[in-house]
Amino acid sequence: MQSAPGPDSLFDAIVGKHFSLWNSLKTPDRLDALRDRVFAQLGITPHETLDRDTAIAHYEQFEFDERQAKYVINGQRNYEFLGRDWSLPLWDSALVEFWRNVPIEQKYRQKLFRTALARWDYRGLFREFEPKVDQWSGLTKAVLIPSRLIRLTLGPARRDKFLRHMLYFGMYQDQYAPFGYSQFLKSANDLRNPVSLLSRTWLAERGLSATAD
């Protein structure tokens, strides 16, 4: 985020993270209506000036209220469906309050978190701890070979389109599998990830339209 972001830059960041399951639904009218709702929720106006820390605080508050509380934490209730107990010690109120007051420079790229792990390093578990989430792993890395050839011969845009059509076989292949490749392919250029298809299916099962205003 830029050093002195305006409300529109903040809104664009929120939309990119939380309202982009289907690119085709991000029409100007819908975005205008959504902007009004987001600004009202955050208590800001379209033309006010935001300093960097205030903008980041607004972004984190929206993430906490609208994603963590409603989606991430509620997701643990899957264990209840399976008759299992669950707990979230890292969401203890004291810990949440601590992170709420940590300077953004210490949060950026998990700086403080990584420093704490390196210093504590319980039983050497975090020595050289550099986890990486990769879209392509194992045999699926073979996809990268034709993708490089496509980029060199046809350009980055065609390469990106090819990789989007291959996402079905990437890290989320188990979540795409119930829909089948043909159904995935019809929406490959529009969807963001498996949640796009899952949310559309959830709405359809309840007789709701995914395109209703």
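Analyst: Glutamine 68 sits in helix 3 of what is a predicted model. The residue counts as buried, because its relative accessibility is 14% and the cut-off for burial is under 20%. Setting aside neighbours within four places in sequence, the contacts of glutamine 68 are Glu63, Ile73, Asn74 and Trp91. One of these, Glu63, also takes part in the packing of helix 3 against helix 1, and that packing is described next.

Helix 3 covers residues 52-72 and helix 1 covers residues 7-18. Their axes come within 10 Å and cross at roughly 30 degrees. An angle under 35 degrees counts as roughly parallel, and helix 1 and helix 3 are therefore roughly parallel to each other. Helix 1 passes helix 3 in a right-handed crossing. On the side of helix 1 the contact is made by Leu10, Ala13, Ile14, Lys17 and His18, and on the side of helix 3 by Ala55, His58, Tyr59, Phe62, Glu63 and Arg67.

Helix 8 (residues 144-154) packs with helix 9 (residues 156-166) at an angle of about 150 degrees, and the axes are 7 Å apart. That angle makes helix 8 roughly antiparallel to helix 9, since the cut-off for this label is over 145 degrees. The crossing of helix 8 and helix 9 is right-handed. Helix 8 contributes Pro146, Ser147, Ile150, Arg151 and Leu154 to the contact, while helix 9 contributes Pro156, Arg158, Arg159, Phe162 and Leu163. This contact of helix 8 with helix 9 divides into six nonpolar residues, one polar and three charged.

Aromatic rings come next. A pair of such rings is described by the distance of the centres and the angle of the planes. The count in this model comes to 13 aromatic pairs. Among them is the pair of tyrosine 168 and tyrosine 176, with 6.2 Å from centre to centre and 25 degrees between the planes. The pair counts as stacked, because its planes are under 30 degrees apart. Both tyrosine 168 and tyrosine 176 are buried. They also belong to a cluster linked by ring pairs, made up of Tyr168, Phe169, Tyr176, Tyr181 and Phe184.

Arginine 84 is exposed, because its relative accessible area is 55% and the cut-off is over 50%. It is found in the loop that runs between helix 4 (78-81) and helix 5 (93-100). The C-alpha atom of arginine 84 is separated by 38 Å from that of leucine 34, a residue 50 places away along the chain.

As for the whole, the protein chain has twelve helices and zero strands. Its C-alpha trace spans about 50 × 50 × 45 Å along the principal axes. Among contacts between residues at least 6 apart in sequence, 51% join residues at least 24 apart.

Terms used
Residues numbered from 1 in each chain as written. Predicted model: local features only at pLDDT ≥ 70, side-chain atom pairs only at ≥ 80, totals over all residues. Heavy atoms only, no water. Axes fitted to C-alpha atoms, helices over the stretch in contact; angles between N-to-C directions. Helix = DSSP H or I, 4+ residues; strand = E, 2+ residues; numbered from the N terminus. Parallel < 35°, antiparallel > 145°, perpendicular 65-115°, else oblique. Left-handed = near helix turned anticlockwise from the far one by under 90°. Contact = heavy atoms within 4.5 Å. Nonpolar A, V, L, I, M, F, W, Y, C, P; charged D, E, K, R; others polar. Buried < 20%, exposed > 50% of the residue type's maximum accessible area, 1.4 Å probe, protein only. Phe/Tyr/Trp six-rings, centres within 6.5 Å; stacked < 30°, edge-to-face > 60°.
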